[in-house]
Amino acid sequence: MVTVKAHQAEAFMKSPPPRLAAALFFGTDPGLVSERAASLAKALAAREDPPGEILRLDDSELDNDPGRLETELQMRPMFTSRRIVRAIAGRRISAQLLKPLLGANPLEGLLIVEAANLKPDDALRTLFEASETCFAVACYPDSSADIDNLISDVVSSFSLTIDGDARALLQSRLGADRTLSRAEIEKLALYCLDRETITLADVENIVGDAADLALERIAEAAAEGRTQAAITDFGRAMASGESAQAIIAVLQRYFLKLHKVRSDVDAGQRLDDALKSLRPPLFFKQRDVFSRQIRNWPRTGLDQALRRIADNAKAARLSPRLERVYAERLLLAICALASASSAASPRR
């Protein structure tokens, strides 16, 4: 049985075993799952001579070509070394699909699978744990030491230092999701580029709570009409211990921000100026998505969405045993509204 526990993951990432044929990353921190999968793919590609090619696949690529994953893993590229395939576990990319592949002769390519949190008896997890050449790597929220190392790595890469009290506050606001934590530290560093040291006031002004940021990704997906992403992230948040009422509250705050900017634009303000007036400010990586949502959502649509959110928030408070049902139903309704708004909006 080859299981890489959470505290062993960093050592595994620094020195992947030569016999590795496939790796599964799973856990309650989707950002860490994605970051480690990407890092391992780059490391495996780099140790090939010439460098290997990295390919990403998910269920949508297999809908029209069910055999594509097997083809990519069994085929030796003509002009590069072994191909590294990053696959997202889902409806098609499952234990049933992978079992004959991983149990056959050695693969030409290397496989990396990203999954949500998996129980010990989950078929996908047990498939990887049962093979001597496959590794299952647990990815759970960062410990205090992990967060401290991440802060040091990112801050030093910008040639900055950080005060002790600022570091302590920053640590308290990070950790729910590795990708979001890194993005928040980078945002802070960019804000402080004109000086040498990050202060407590900088952290207070710029960095939000990471748990809310992880939940905000659900709201962002819903506002885009990306139903599968919204429901998947919602399930991950619930599995990690978040409450459905907290998710509804984050959804409400996100749509209030959209409503404010949309109202300012309708009143004649330039979109760039309306976005700059938001507090706390948007992270630059969120700006394009948020701007697109402003263009797609009319004021009337946002009014309707906020009414639905308020109704479901009240229902969830009155019937907490059904809060998950209300939250999930709300997400589906918001995604439907987003799709309708996008289809009706003029292309600019």
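## Pocket, aromatic cluster and cores

The largest pocket holds about 950 Å³ of space. Of the 31 residues that line this pocket, Ile88, Ala89, Gln228, Thr232 and Arg236 are the closest to its centre. The model is predicted.

Several elements give two or more residues to the pocket lining. They are helices H2 (30-46), H3 (59-63), H6 (123-129) and H12 (227-239), together with strands S3 (53-57) and S4 (83-88). H12 gives the most, with six residues. By class, the lining has 12 nonpolar, seven polar and 12 charged residues.

**Aromatic pairs**

The whole structure contains four aromatic pairs. Two of them are set out here.

| Pair | Centre to centre | Angle between planes | Type |
|---|---|---|---|
| Tyr254 and Phe290 | 5.8 Å | 75 degrees | edge-to-face |
| Phe255 and Trp297 | 5.4 Å | 85 degrees | edge-to-face |

Why does the pair of Phe255 and Trp297 count as edge-to-face? The planes of the two rings stand at 85 degrees, and the edge-to-face class takes angles over 60 degrees.

Each pair links distant parts of the chain. Tyr254 sits in helix H13 (residues 244-266) and Phe290 in helix H15 (residues 284-296), 36 residues apart. Phe255 also belongs to H13, while Trp297 lies in the loop between H15 and helix H16 (299-318); these two are 42 residues apart.

Tyr254, Phe255, Phe290 and Trp297 form one aromatic cluster.

**Nonpolar cores**

The largest nonpolar core has 41 residues. Leu251, Phe255 and Ile334 have the most contacts inside it. Which elements give two or more residues to this core? They are helix H11 (210-224), H12, H13, helix H14 (271-276), H15, H16 and helix H17 (323-344). H13 supplies the largest share, nine residues.

Phe255 is in the aromatic cluster and among the core residues with the most contacts. Which residues does Phe255 touch, not counting those up to four places away in sequence? They are Ala219, Ala223, Trp297, Leu302, Ala305, Leu306, Ile309 and Ile334. Trp297 is the partner of Phe255 in its edge-to-face pair. Ile334 is another of the core residues with the most contacts.

A second, separate core has 26 residues, including Leu98, Leu127, Phe128 and Ala138.

Ser291 is found in helix H15. Its relative accessibility is 8%. The cut-off for buried is under 20%, so Ser291 counts as buried. Apart from neighbours within four places in sequence, Ser291 is in contact with Leu271 and Leu275.

Ser159 is exposed, with a relative accessible area of 66%. This serine lies in the loop between helix H7 (144-157) and strand S7 (161-162). Its phi is positive, about 60 degrees, although Ser159 is not a glycine.

Which peptide bond is cis? The bond from Asp49 to Pro50 is, with omega near 0 degrees. Pro50 has its place in the loop between H2 and S3.

Notes:
Residues numbered from 1 in each chain as written. Predicted model: local features only at pLDDT ≥ 70, side-chain atom pairs only at ≥ 80, totals over all residues. Heavy atoms only, no water. 1 Å grid on protein atoms, 1.4 Å probe; cavity = no way out; pocket = protein on both sides within 12 Å on 5 of 7 lines; lining within 4 Å. Points joined across faces, edges and corners; volume = space filled by probe spheres on them. Helix = DSSP H or I, 4+ residues; strand = E, 2+ residues; numbered from the N terminus. Nonpolar A, V, L, I, M, F, W, Y, C, P; charged D, E, K, R; others polar. Phe/Tyr/Trp six-rings, centres within 6.5 Å; stacked < 30°, edge-to-face > 60°. Core = buried A, V, L, I, M, F, W, Y, C linked by side-chain atoms within 4.5 Å. Buried < 20%, exposed > 50% of the residue type's maximum accessible area, 1.4 Å probe, protein only. Contact = heavy atoms within 4.5 Å.
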